Amino acid sequence: MAMAADGTYDPAERPRRSWWGWGHADRALPDAECVALAAQLPGFTERTDAPERPLPVPEPARLDLSPPRLAPPGALAHRVSTAPYDRAAHTYGKAYRDVVRALHGELAAAPDLVAYPQTESEVADLLDWAGTHDVAVIPYGGGSSVTGGVEYRADDHAAVLSLDLTALDRVLEIDRTSRAARVQGGVLGPDLEDQLRPHGLTLRHFPQSFEFSTLGGWLATRAGGHYATLWTHIDDLTESLRVVTPAGVNESWRLPASGAGPSPDRLFLGSEGTLGVITEAWMRLQDRPRHKASAALGFAGPGGFEAGLEAVRAIAQSGLHPANCRLLDPGEAALAGASAPGRDDESVLVLGAESAHHPVEGRLAELVAVARDHGGTPRTRHAPAPGGEGGTAGDAGEEGGPGDGAVDAWRRAFLRMPYLRDALARMSVLTETFETACTWDRAAALHAAVREEVGAAVRRVTGAPATLNCRVTHVYPDGPALYFTVLAPGRPGREAAMWDEVKAAALETLLRHRATVTHHHAVGRDHRPAYDRQRPEPFALALRAAKTALDPHGILNPGVLLDPARG
């Protein structure tokens with residue numbers, strides 16, 4: 001928590017993060033490593049327009065930001081900042097196009113004001129003030145959106161306020177009997193786990209953005225965590241919500257389940273800040289796991305990934321519910337350093353099992369046996385001693401102990417990947433990630449279509465060959481979630497435009513195969529055109545009506561999920 005010496009909240013006391021890119025500024029790759037990394041990409045050194053040095057990182061104080069168009073509300077002026085760093089850092093999320101625009105100093109969309117409310121009543125007061133003064137309000141948690149979810153793109157409000165919720169960062173109440181906790185929405189992932197740990201409890205929700213995202217952000221975007229089966233999305237862990245809207249406070253009852261009409265929580269889960277601000281939630285918890293084990297298996301040869309898909313399907317339908325079940329194609333496995341030496345044609349399946357109550361070696365052995373039946377070759381596996389805190393496969397949110405080499409390599413690469421993305425962006429390399437889910441009967445065809453069609457689009461857009469990798473991140477009895485990574489040398493100055501073209505081509509392929517336009521990255525503004533085609537029109541009518549009723553002045557996150565509507 002960011003507290004000043006007198007005990008009051010002071011955003012200046014927070015560890016300063018990178019304003020333009022991912023994570024902590026001191027973990028960004030130095031210039032020489034940016035150059036060396038880009039040189040490894042096929043086709044990069046052959047480009048006549050390939051940059052010799054990375055784009056410099058602008059200083060926030062030297063950015064040409066427009067003056068704020070409105071003064072902060074007098075009673076809450078001490079909670080509001082107009083400092084260049086705060087305004088620049090709250091302009092965009094962390095998508096590739098956000099990073100390259102920030103590096104080029106393109107910050108016309110910077111908010112006029114950044115507010116750091118410390119109480120729910122201050123949130124309500126800020127919404128009241130914004131409605132009265134025609135100020136667009138962009139709810140902001142950790143700012144890790146990769147779909148334009150926190151960027152103002154409308155142009156018809158008097159001013160823009162970025163509403164940073166990270167001062168609302170406490171676990172307020174714990175019900176040990178029901179194994180649940182009442183938590184404020186602005187708490188970052190590590191702070192949440194730190195507050196639960198003394199009670200022997202955990203939320204066990206670890207998205208890749210865990211270190212830099214908030215509970216409210218997870219709820220507002222229906223985030224998916226590392227755990228690849230059973231309880232995969234934050235929806236599954238939500239008991240009730242408290243949401244401040246311009247029309248009043250919506251608080252649902254705490255219940256294990258209810259059949260009383262449509263769920264009030266489902267209206268706000270995934271609403272992405274368009275209907276209200278999630279200030280609190282009762283979350284279902286678990287006992288902290290004491291028994292963990294992990295393993296990796298290789299699937300070699302031209303049909304290795306397809307064989308791995310069949311193994312993953314069998315596991316998903318077995319009822320064994322591994323904590324982790326991730327299949328990396330050969331390119332992804334090589335990128336993560338998870339391949340066996342000399343096996344650049346090998347797909348790798350990463351498995352993990354854990355329990356708070358009993359050893360899991362037997363369950364892991366069953367999982368490995370299923371994968372072996374489908375052609376997987378086991379590696380050595382690691383089982384931390386009972387009571388240990390060694391990290392299980394996929395548990396990138398906690399400290400990891402020594403383990404299987406492929407598992408550990410995947411975990412390290414998984415956490416470092418956003419920093420590598422930023423390094424490549426500084427070298428004008430196009431990097432795009434998109435994810436989806438479909439039923440098993442269409443999975444292999446979708447994978448092949450994406451490789452062919454998106455690969456062709458990248459070659460057309462960039463004039464260079466595409467590196468296109470895939471991993472399976474979550475599995476269900478009826479289908480997988482596929483996560484694709486695209487790399488290609490770009491053209492300096494056209495990075496964002498090229499990203500837009502590749503994104504459009506990828507979404508078109510997903511729609512044609514009736515695969516979801518997002519499994520866990522949310523809609524934001526970048527997925528809006530495709531989301532409009534996936535969403536049934538009667539539901540769109542209901543959503544527009546809810547927006548009008550709850551946000552009559554149309555101030556909350558205009559353009560996300562729906563076209564801006566003014567009262």
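Biologist: Let's begin with two helices: when α8 passes α10, which crossing is it, left-handed or right-handed?

Modeller: Happy to start there, with a predicted model in which local features need pLDDT of at least 70, side-chain atom pairs count only at pLDDT 80 or more, and totals for chains, interfaces and linings use all residues. Residues are numbered from 1 along each chain as its sequence is written, and side-chain values use heavy atoms, with hydrogens and water left out. A crossing is left-handed if the near helix is turned anticlockwise from the far one by less than a right angle, and right-handed if clockwise. For α8 passing α10, the crossing is right-handed.

Biologist: At what angle do α8 and α10 pack, and what word describes α8 relative to α10?

Modeller: Helices (H or I, at least four residues) and strands (E, at least two) are DSSP runs, numbered from the N terminus. Axes are lines fitted to C-alpha atoms, for helices over the stretch in contact, and angles run from 0 to 180 degrees between N-to-C directions. Helix α8 (residues 304-316) and helix α10 (residues 361-373) have axes 8 Å apart and an angle of about 140°. Angles under 35 degrees count as roughly parallel, over 145 as roughly antiparallel, 65 to 115 as roughly perpendicular and the rest as oblique, so α8 is, relative to α10, oblique.

Biologist: Which residues make that contact of α8 with α10, and how do they divide by class?

Modeller: Contact means heavy atoms within 4.5 Å. Ala311, Ala314 and Ile315 of α8 meet Leu367, Val370 and Ala371 of α10. Ala, Val, Leu, Ile, Met, Phe, Trp, Tyr, Cys and Pro count as nonpolar, Asp, Glu, Lys and Arg as charged, and the others, Gly among them, as polar. By that rule there are no polar, no charged and six nonpolar residues.

Biologist: How do α12 and α13 lie relative to each other?

Modeller: Helix α12 (residues 440-462) and helix α13 (residues 495-512) pack at an angle of about 155°, with their axes 9 Å apart. The crossing of α12 past α13 is right-handed. Because of that angle, the two helices are roughly antiparallel.

Biologist: How many nonpolar, polar and charged residues are in the contact of α12 with α13?

Modeller: From α12 the contact includes Leu446, Glu453 and Arg460, and from α13 it includes Met498, Glu501 and Arg512. Sorted by class, the residues are twelve nonpolar, two polar and four charged.

Biologist: Which strands do the buried residues of α4 pack against?

Modeller: The expected span of a helix is 1.5 Å times one less than its number of residues, so the 14 residues of α4 (residues 120-133) should span 20 Å, in agreement with end C-alpha atoms 20 Å apart. Buried means under 20% relative accessible area, exposed over 50%, partly exposed in between (1.4 Å probe, protein chains only). Among the buried residues of α4 are Val123, Leu126, Leu127 and Trp129. The strands they pack against are β2 (113-115), β3 (135-140), β4 (159-164), β8 (238-245), β9 (248-251) and β10 (277-284).

Biologist: What phi does Asp134 take?

Modeller: Look just after the end of α4, where Asp134 sits. Its phi is positive, at about 60°.

Biologist: Ser428 is not a glycine, so what phi does it have, and is it buried or exposed?

Modeller: Ser428 lies in the loop between α11 (405-426) and β16 (429-437). Its phi is positive, about 60°. Because its relative accessibility is 3%, Ser428 is buried.

Biologist: What about Leu561: what is its phi?

Modeller: You will find Leu561 in the segment after α15 (537-550). With 5% relative accessibility, Leu561 counts as buried. Although Leu561 is not a glycine, its phi is positive, at about 70°.

Biologist: How far apart are the C-alpha atoms of Pro246 and Asp128?

Modeller: Pro246 is in the loop between β8 and β9, and its 27% relative accessibility makes it partly exposed. Leaving aside residues up to four places away in sequence, it touches Leu127, Leu275, Leu550, Asp551, Pro552 and Leu556. Pro246 and Asp128 are 118 residues apart along the chain, yet their C-alpha atoms are separated by 6.7 Å.

Biologist: Which residues does Ala38 touch, not counting those up to four places away in sequence?

Modeller: Ala38 belongs to helix α1 (residues 31-39). At 0% relative accessibility it counts as buried. With those sequence neighbours set aside, Ala38 touches Phe44, Leu424, Met427 and Val429.
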